[in-house]
Amino acid sequence: MADQKTERPVISTHAEAVAVARDPVTYSSRVSRFLQVPNGMDGAEHAAMRRLLAPFLSPERMTRLQPLLEEVAAGLLGPITDGTELDAVDDLGSRYAVRGQSAWLGWSPDLEDELIEWMAANHEATRSGEPARTREVAEWFDRIIVSIVEARREPDAVHDLTWELVHIRGEDGQTLPDPVLVSILRNWTGGDLGSLALCVGVVAHWLVVRPAMQDEWDGLDDAQLDAAIDEVLRIDDPFTSNRRVTTKDVHVAGRDAPAGTQVVINWAEANRDPVVFGDPDRYDPAGNAGKNLVYGAGPHACPGRPLATLELRVLARALLSRFRIGAGTDRGSRAKSPMGGWESLPIVLHARG
Ligand code: HEM
């Protein structure tokens, strides 16, 4: 199969997606001419950067973050009264993603509005496919990040997670140069903000059309709830694809591809491969967990998974403890390729009796 616009081979079976993601020697992640840390790195350089950054997403760090996220969720839902209609993606997902991420990184709440604006512009630029717009949005984000980084170099700066990142030393004993810091923070932010808002839309829609499951989810323990959310994201995967570039001549996605060909791993299609999942719409959190590709596979599998999982669980619990989620007056609209899930999903929150 090939992408109709770009003619790139598109990998849409589960077996081939896993094989390609697990073979970084043949399928390199150096797909962009821009610095992408760690996304665009390969081999030992990539592994060293993953090791260096792993402590920022450790289980211990997530345990410390949980009460802050619970405060964020309570603060967001606090003012909402019975019968309020809102957009699950914009009003809930985006706001929660920005506030949750700021709690993790130690960023000021004053940045919230600018980050929300940036997310919308980034989303539009991705959809437009216009390099000039993408560059403009990237430069805007760089300016935000550089000022955040510079503030962490002041002698009286608070020692938050971003301060730790700015002062961390790599294997060469040096702190990370500004372009590397900006790239890391861009990938964390890009990974978190946009995808998380889309995930909130997908999960909200699932629950709106299955009211009985809202009661069922209330009774799940943390591990079961995480598996349930992962399974909903498998069925309607909002993080659709990633690219690789071949380092030698290969036969992939049913065709010959010479060295240097860009290929697309379509996670959303692979996550619905009937050969592996039978009926792809069948909800089976425990049975499908080991085959779920929402967070990728291989050495580039999402390092932000523990954060995303925690954020989604905390929001789901906060929502379901106070409300039942009903359909809004409008049906909403699906996101357009290359994004998945819902672009907009009006919902009504009914206070629990
Ligand atoms: C919200 C739901 C999220 C989804 C569905 C998701 C999905 C993914 C997937 C499929 C990959 C694999 C990319 C590849 O193979 O090329 C990935 C990589 C990555 N994700 Fe996430 N992600 C999410 C949240 C996050 C969060 C919260 C962060 C950071 C805090 C994050 C940071 C990253 C980074 C840095 C990579 C690149 C890793 C590497 O190349 O080694 N993601 N993500």
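1. The ligand's iron atom has a single protein donor, C302 (SG), at 2.3 Å. Donors here are N, O and S atoms within 2.8 Å of the metal (3.2 Å for Na, K and Ca), and water is not among the atoms, so sites may look incomplete. C302 sits in the loop between α13 (285-288) and α14; helices (H or I, at least four residues) and strands (E, at least two) are DSSP runs, numbered from the N terminus.

2. This is a predicted model, in which local features need pLDDT of at least 70 and side-chain atom pairs count only at pLDDT 80 or more, while totals for chains, interfaces and linings use all residues. Residues are numbered from 1 along each chain as its sequence is written, and side-chain values use heavy atoms, with hydrogens and water left out.

3. The ligand has 24 residues around it, of which H46, R50, R244, H300 and C302 come nearest (near: a heavy atom within 4 Å). Ligand oxygen atoms lie 2.6 Å from a side-chain N or O atom of H46, 2.7 Å from one of R50 and 2.7 Å from a polar side-chain atom of R244. Two or more shell residues come from each of α2 (43-53), α8 (178-208), β4 (241-246) and α14 (305-322); α8 gives the most, with 6 residues.

4. An open sheet of 4 strands has the order β1-β7-β4-β2, with mixed pairing (strands pair if DSSP finds at least two bridges between them). β1 (10-11) and β2 (27-28) are at the edges, each with a single partner strand, so one side of each has no neighbour in the sheet. β1 runs parallel to β7 (residues 262-266), joined by 2 bridges, and I11 stands opposite I265 in β7.

Notes: A polar contact is a pair of N or O atoms within 3.5 Å; within protein, one must be able to donate a hydrogen and the other to accept it, and residues adjacent in sequence count only if both atoms are side-chain atoms.
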